[in-house]
Amino acid sequence: MGVDANKVPQIILNNGQKVPCMGMGTFGSDRFTAEQVSNAVAGAIRAGYRMFDCAACYGNEDQIGKVFDDAIKEGIVERKDLFIMTKVWNDMHRRVEESAKKSIEDLKCDYIDLYFIHWPFPNYHAPGCDVDSRNPDSKPFSVAEFMDTYRQIESLVDKGLVKNIGISNMTIPKLEQVIDKFRIKPVACELELHPCFQQQELFDYLRAHDIQPIGFMPLGSPQRPERDIVAEDIADMQVPEFKAIAEAHGVHPAIIALKWAVQRGQIPIPFSIHEMEYTSNLESTVTEPLTDEEMAKIATLEKNNRLVKGQVFLWPGASDWHDLWDENGTITDCPDAE
Ligand SMILES: NC(=O)c1ccc[n+]([C@@H]2O[C@H](COP(=O)([O-])OP(=O)(O)OC[C@H]3O[C@@H](n4cnc5c(N)ncnc54)[C@H](OP(=O)(O)O)[C@@H]3O)[C@@H](O)[C@H]2O)c1
């Protein structure tokens, strides 16, 4: 079972780097231990995955690094065949090199293939904290502070510690403020993307600027932490039109969500600890594609179903989580937007 890694279709990033059209997530939510996640990574390498989405704040890089190291020592993969992504957490924006070196040490990977600024704010909250908790030191987005963090990653590229730069959880108004300021252009942006949350405008903006969208929570994250679930959230995989397409193909709706994602042009990074699931997820990249009609039908399922609202990053004086997403076209409370 699994896919020959060489058969997984590839995407070419804006600097010519080739990457697989699907990666694997490693956020264990509150529900899966670091050991369960790293066991899944070990199985996923055998199943043909080569791209992995890690993060310092997921608290499992050490265990995942052991898996990478073992896979390389056992001759299953070479380091150059893996595409290891990780992210600097909010409390390390002023100490990016220290954070990158720690991730490199934990992941035992010598260098990071793609390093993201996880959130565009330096606003720290303790892992697993309640959604109502607020840090009084939190601040709104600042162009100067964001660019300072970005410049630190650019210097890590110069030093060979990082190969490619990524941004995450951005908005068009924020991107507009920084897009002309990069010395080394970001190759990718991670953003929440699933059938009922398609972010078409941001998606189109990224494509127009040759920044590859990487879609997180591609299945609508059914196992996301309890604290992140509100009554209004829609379960993407349960939407009747969506289930009908899956039934017609005789597969789980997850497989349809992933085919849709790849055919639309984003790189999905689904997570699962179950071998059957993560294997069939990758297999979806090499089996029968969706028809134009099915793609068009899924395009109509947009429901503005944002699941990661980000309340814990709010600063004193902010009204609610909508302030994080610049929905009225300007950056809320930004001290230095031009
Ligand atoms: N940049 C960011 O700020 C950010 C934010 C969030 C997430 N991420 C990244 O995105 C990754 C993916 O997001 P996610 O893990 O929250 O959600 P997800 O991939 O949308 O959903 C994962 C869940 O879907 C189920 N599933 C997976 N494959 C399946 C299949 N073939 N059939 C049926 N069910 C299946 C599994 O649940 P069961 O165990 O119930 O089967 C699994 O726990 C994360 O791991 C992380 O790496 C990044």
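**A close look at aspartate 53**

Modeller: Leave aside residues up to four places away in sequence, and aspartate 53 touches Gly23, Met24, Gly25, Thr26, Met85 and Ile269. Keep in mind that this is a predicted model.

Where does aspartate 53 sit? It is found in strand β4, which covers residues 51–53. Is aspartate 53 buried or exposed? It has 24 C-beta neighbours inside 10 Å, so it counts as buried. The cut-off for that word is 20 or more. Now compare sequence and space for one pair. Asparagine 14 is 39 residues away from aspartate 53 in sequence. From C-alpha to C-alpha, the two are 19 Å apart.

Next, the sheet. Strand β4 belongs to an open sheet of 8 strands. Their order is β3-β4-β5-β6-β7-β8-β9-β10, and the pairing is parallel. The edge strands are β3 (24–25) and β10 (267–268), and each of these pairs on one side only. A helix packs on this sheet too: α3, residues 96–107. Helix α3 touches β5 (83–88), β6 (112–117) and β7. Its direction makes about 140 degrees with that of β5.

Look at one pairing in detail. Strand β7 (residues 162–168) and strand β8 (residues 188–192) pair in the parallel sense over 3 bridges. Glycine 166 stands opposite alanine 188 in β8.

Now the ligand. Gly25, one of the residues touched by aspartate 53, is also among the closest to the ligand. Which helix gives the most to the shell? That is α9 (residues 275–283), with 3 residues.

Finish with two helices. A packed pair is described by the angle between the axes and the distance between them. Helix α7 (residues 240–249) and helix α8 (residues 253–264) pack at an angle of about 100 degrees, and their axes are 8 Å apart. Angles of 65 to 115 degrees count as roughly perpendicular, so α7 and α8 are roughly perpendicular to each other. On the α7 side, Phe242, Lys243, Ile245, Ala246 and His249 make the contact. On the α8 side, it is Pro253, Ile255 and Ile256. By class, the contact of α7 with α8 has 6 nonpolar residues, 1 polar and 1 charged.

Methods: Residues are numbered from 1 along each chain as its sequence is written. This is a predicted model: local features need pLDDT of at least 70, side-chain atom pairs count only at pLDDT 80 or more; totals for chains, interfaces and linings use all residues. A residue is near a molecule or strand if its C-beta atom, placed from the backbone, lies within 6 Å of it. Helices (H or I, at least four residues) and strands (E, at least two) are DSSP runs, numbered from the N terminus. A residue is buried if 20 or more other C-beta atoms lie within 10 Å of its own, exposed if 12 or fewer, and partly exposed in between; C-beta atoms are placed from the backbone. Two residues are in contact if their C-beta atoms, placed from the backbone, lie within 7 Å. Axes are lines fitted to C-alpha atoms, for helices over the stretch in contact, and angles run from 0 to 180 degrees between N-to-C directions. Angles under 35 degrees count as roughly parallel, over 145 as roughly antiparallel, 65 to 115 as roughly perpendicular and the rest as oblique. Ala, Val, Leu, Ile, Met, Phe, Trp, Tyr, Cys and Pro count as nonpolar, Asp, Glu, Lys and Arg as charged, and the others, Gly among them, as polar. Two strands pair if DSSP finds at least two bridges between them.
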